[in-house]
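Please open the model in your viewer and keep the selection tool at hand.

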Amino acid sequence: MFIPMPRLRYICLFVFILYLLTGISQVKPEERGVVRRFGQVVARPGPGLWVGLPWGIDRLDRVAVRTTQQISVGYNLENWSDIPGTPQGQFLTGDHNLVNVQLVLHYAIGETDQELDDYVMHKDQTEAVLGRVVEAATSEWTAGESVDHVLLTGSAAIPAWLMDRIAERLPKFKLGIRVQRVSVSYLAPPDEVRAAFEAVTQAQTGIRTREFQARQEAGQRERQADAFRYKLEQEAAEYRETQLRQASADATEFLAQLTAYREVSEHNPDALAFLWWEEMRKAITGLKNRGGRVEPLDAHLGSNGLDVTQIISPKKR
């Protein structure tokens, strides 16, 4: 088929224009561009229209710097049985047991020029390298702990451990990314021994529950004992003060009576008999007040006869 020369020129011109248009691209607001010319980075355009050299000379990589990306690392719940040997994400603990761990990592691409360049150069290896770093750090942590400690505290302890290790080890790979968060999405023993581990966990939970109840009861009894001891101490102190006051009052009264007796006995030899009868009066009066009585032993004896009396104590209640 013969094409006239003028028409061929228009076709070539149209194709050339289309080729030149391949150098025009749009960078979205949440993106940054990295332009490589023959493999060398020559520009990093921001959001907007970018006009560069056509395809084959310039290559524009648009990088979503404000988008958080997510990957799963470790144990795969879906296809672990299809992998021969030890499944990926199965880690050995310090007491030689196995645990399955699946982690979810959230990361974003850095916005500095160097981070953009690094990401563009290594973006095909980013997730693979990141997964290896995370798996290596996770294996280090599980190898230093018992299986019970891993299962009980791993969901909280592993993310904190990984964030520190990632911050130390990831920069040397120059991936141009920043890990924002790590979480444990699955943590369990292998299916073959899961029932045994669950039974042990339930037993340990029961033991901890009983220990907690025992500590509560011991604390309650200790508080009751402290309260009873405090009550006894207060009663003893009060009784001591009462007895001291009574003893002091009795001693003062006795000294006063002794002084009075000494003064009276110098002039009256019968003063001691008077004091004795005064004490007898007080004792008999007190006896009557408590329900006792004093009466002659023989009702036929008169006042001039034998003076014998009996003292009848009050009846016990």
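Contact here means heavy atoms within 4.5 Å. The model is predicted, so local features need pLDDT of at least 70 and side-chain atom pairs count only at pLDDT 80 or more, whereas totals for chains, interfaces and linings use all residues. Residues are numbered from 1 along each chain as its sequence is written, and side-chain values use heavy atoms, with hydrogens and water left out.

Select Arg36 to begin, a residue of strand S2 (residues 31-37); strands (E, at least two residues) and helices (H or I, at least four) are DSSP runs numbered from the N terminus. Arg36 counts as buried because its relative accessibility is 13%, where buried means under 20% relative accessible area, exposed over 50% and partly exposed in between, with a 1.4 Å probe and protein chains only.

Next, show what surrounds Arg36: leaving aside residues up to four places away in sequence, Arg36 touches Val41, Ile57, Asp58, Arg59, Asp61, Val120 and Met121.

Now widen the selection to the open sheet, in which 3 strands follow the order S3-S2-S5 with antiparallel pairing; two strands pair if DSSP finds at least two bridges between them. Strands S3 (40-43) and S5 (58-64) stand at the edges with a single partner strand each, so one side of each has no neighbour in the sheet. Between S2 and S5, which run antiparallel, there are 7 bridges, and Glu31 has Ala64 in S5 as its bridge partner.
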